[in-house]
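Me: I would like a close look at one part of this model, followed by a connected account of the surroundings of a few other places in the chain.

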Amino acid sequence: MAVNRSQQKNTTNLYLPKLSSFKCLSVALHIKSSFFQLSIEESIMRLYFKSRKKWNVIDGGHSFFLLSSYSRFSRSETCCGKLNCSLRCEFLSRYSRLKVVLFCEPKRDSSRGLVASDWALEEQEIGNGLEREESNSKHYDNGNEDKSEGEVESEKSARIDVRALASSLQFAKTADDIEKVLKDMDELPLQVYSSMISGFGRDKYMDAAISLVEWLKRKKKESGGGIGPNLFIYNSLLGAVKHSKQFGQMEKILDDMAEEGIIPNIVTYNVLMAIYLEQGEATKALNVIEEIQEKGFSPSPVTYSTALYAYRRMENGTGALKFFVELREKYVKGEIGGNADENWEYEFVKLEKFTVRICQQVMRRWLVKDENLSTNVLKLLRDMDEAGLKLSREDYESLVWACTREEHYLVAKELYSRIRERHYEISLSVCNHLIWVMGKAKKWWAALEIYEDLLDKGPSPNNMSYELIVSHFNILLTAASKRGIWRWGVRLLNKMEDKGLKPSSREWNAVLVACSKASETNAAVQIFKRMVEQGEKPTIISYGALLSALEKGKLYDEALRVWDHMIKVGVKPNLYAYTIMASIFTAKGNFKMVNAVFQEMVSSGVEPTVVTYNAIVSGCARNGMSSAAYEWFHRMKVHNISPNEITYEMLIEALANDGKPRLAYDLFLRAHNEGLNLSSKAYDAVVRSSQVYGATTDLSMLGPRPPDKKKVQIRKTLTEFCNIADVPRRSKPFDRKEIYIPPEHRNQ
């Protein structure tokens, strides 16, 4: 019989789940036996009165009593014997002799819970919303009058296994194939056909779904309109198109609906939007909203959520936010949300959360793209603030993890500030990632500030935090070392100790080398002393840097004492240390010790290089010993070590200054013939010496004067290092006390 208006309204808000692969769908018509060893009446009453949250009752009139569930029925539940007696009698009298249709939701496969990405999650949410909306709006009209009590009794013994029925229909290609299976069967409720059509779509049996609708159309003609496809059958068929992805069938189905005189409803349009999204036509999906309004329909929450999802498909977070803001204004004004069948207060909260999630996911997509969209991310964050939409700590941290490139520095810094300002906690792993990002962007001081926050605000740093921040200090100290910025090296060491970071020999050595390059002998001595006091064992690099600083300060005796101490504690000299000692003995004019150094080098397996000879030649040149320099030049040839530009330049300058212009001239030509490019300084020394001493030399043979080489300056100022290393400037002048603080004053 037809369902009247009041019955339709009562069933609108009841949820009838649709089928998925038909694995657990069972329909029992005219059940005569017990349900779980209970009578039909007791079973129905238990389901209806004791488990309303688990089961929904759909009153299909006098012919059918429909039950749907998304949870298992427990035999351990108590019986409904405590129910009001009159209510019990009324219930039994009404439902004791009915067709009972039981819909059980299929078990979900465990793997379905694992989705490839959040994009799939949102799509699933949209799809579930469509199904709920369609189910909530369904009414079924089987076109039959009430059957007599005797007719109902005569059909009680009949049983239909819908699972087997669906399996027998899944390979149908035509309506005739459907007829072969259903011709001898009694008429079924339309919701059974609708659910089967949806199941066919999910299982990719679109031919069977279309054939079943064609069969229903045939039955409609044969019965004179008694049974046939209605609006909800066609909505299910469009849903099958969406799930099976056979989009070419959509226009044909819409034309078929028009021929049958079936007018689409809001569910139809929502399914069309979902189909367009499946096709990647997000713009077309949004255009459907205009058509909905033109047709006089009121968009449902599913309509709005599908539109928001369309903006996400387009990766247009700004568009999604603007769409929601306009929607909110309409909701506040009462222009939408008047439908009593929808809990708009609840649905609006869901839409707001959905918008926040879409914006967050779009920003993640922007951050992982190859192009730099950091500006877009920052703008969308500000727009969300203006709109009053707030991201959770988890959302912010998820965005932080997407920051992996140098250009993400500003976004990462902004996200970190927001988490610290708006949320009580922050993940330590996120902080470590931020320290890494800041270091990659060469924002060393910003990384240090995050580490300081860990010490002051928590969470407590771990080994990873320690290693990351120390690695940043290493980079800064290495930069200071290469450029001779010894003052910042000292301050960085002090900063490490202030933050509880124990400098290793690597950090101490970097500062020692910086002091050596800057010829800061006193600073090198004090840093070496601090290193030993802190319990760090000096390495050969430490001794080499200290020896070099002492040699540049002409503190030769102190250097010899350091050398003796180094040998005494068992530190094996390397080529650099031997070279410095050879230079020191050369400066003292003690060539006997220079030879001793060479002999010790050979016996230790350390072969002298051009650098070693250059140190000796340079020492001779600086101390006016050109003859000795020339002698060591020939010793290089004997030992098959080829001189380089530095060797020739230092020797030529020494000879020219010592009144030996002809010899200097010959060496310049020799270097030129060997393909070496000497400096303008050596050229000028030869010309000046020839002119002063009246040497008969053809200066034209020297060729054109070489261009002046740019002098490599050792940067010693803090300002220059601040520009290089992105560290804050300090207007306070450097205090020599920063180099070394006596132990008794360090805690003051």
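Leaving aside its neighbours within four places in sequence, which residues is Ser-465 in contact with?

Reply: Ser-465 is in contact with Leu-428, Asn-432, Tyr-451 and Leu-454, once its neighbours within four places in sequence are left aside; contact here means heavy atoms within 4.5 Å. This is a predicted model, in which local features need pLDDT of at least 70 and side-chain atom pairs count only at pLDDT 80 or more, while totals for chains, interfaces and linings use all residues. Residues are numbered from 1 along each chain as its sequence is written, and side-chain values use heavy atoms, with hydrogens and water left out.

Ser-465 itself sits in helix α22, where helices are DSSP runs of H or I with at least four residues, strands are runs of E with at least two, and both are numbered from the N terminus. With a relative accessibility of 0%, Ser-465 counts as buried; that term stands for under 20% relative accessible area, exposed for over 50%, and partly exposed for what lies in between, using a 1.4 Å probe and protein chains only. From Ser-465 to Trp-436 the sequence separation is 29 residues, and their C-alpha atoms are 9.2 Å apart in space. The loop that links α21 (444-457) to α22 (463-483) contains Pro-459, and the peptide bond between Gly-458 and Pro-459 is cis, with omega at about -10°. Most peptide bonds are trans, and most residues other than glycine have a negative phi.

Two lysines elsewhere in the chain have a positive phi. Lys-204, in the loop between α8 and α9, has a phi near 65°, and Lys-245, in the loop between α10 and α11, also has a phi near 65°. Lys-204 is partly exposed at 47% relative accessibility, and Lys-245 is likewise partly exposed at 46%.

Two packed helices are described by the angle between their axes and the distance between the axes. For α8 (residues 190-202) and α10 (residues 231-244) the angle is about 10° and the axes are 7 Å apart, the axes being lines fitted to C-alpha atoms over the stretch in contact, with angles running from 0 to 180 degrees between N-to-C directions. The two helices are therefore roughly parallel, a description applied to angles under 35 degrees, whereas over 145 is roughly antiparallel, 65 to 115 roughly perpendicular and the rest oblique. From α8 the contact draws on Leu-190, Tyr-193, Ser-194, Ile-197, Ser-198, Gly-201 and Arg-202, and from α10 on Phe-232, Ile-233, Ser-236, Leu-237, Ala-240, His-243 and Ser-244. By class, the residues of this contact are seven nonpolar, six polar and one charged, where Ala, Val, Leu, Ile, Met, Phe, Trp, Tyr, Cys and Pro count as nonpolar, Asp, Glu, Lys and Arg as charged, and the others, Gly among them, as polar.

Beyond its neighbours within four places in sequence, Val-181 is in contact with Leu-165, Ser-168 and Leu-169, and the C-alpha atoms of Val-181 and Leu-169, twelve residues apart along the chain, are 7.4 Å from each other.

Further along, Asp-256 belongs to helix α11 (residues 250-260) and is buried, at 8% relative accessible area. Not counting residues up to four places away in sequence, Asp-256 touches Glu-214, Lys-217 and Tyr-234.

Residues 230-264 are 71% helix and 0% strand, with end C-alpha atoms 10 Å apart, and residues 265-299 are 74% helix and 0% strand, with their end C-alpha atoms 10 Å apart.

For the chain, the count is 35 helices and three strands, and 49% of its 748 residues are buried.
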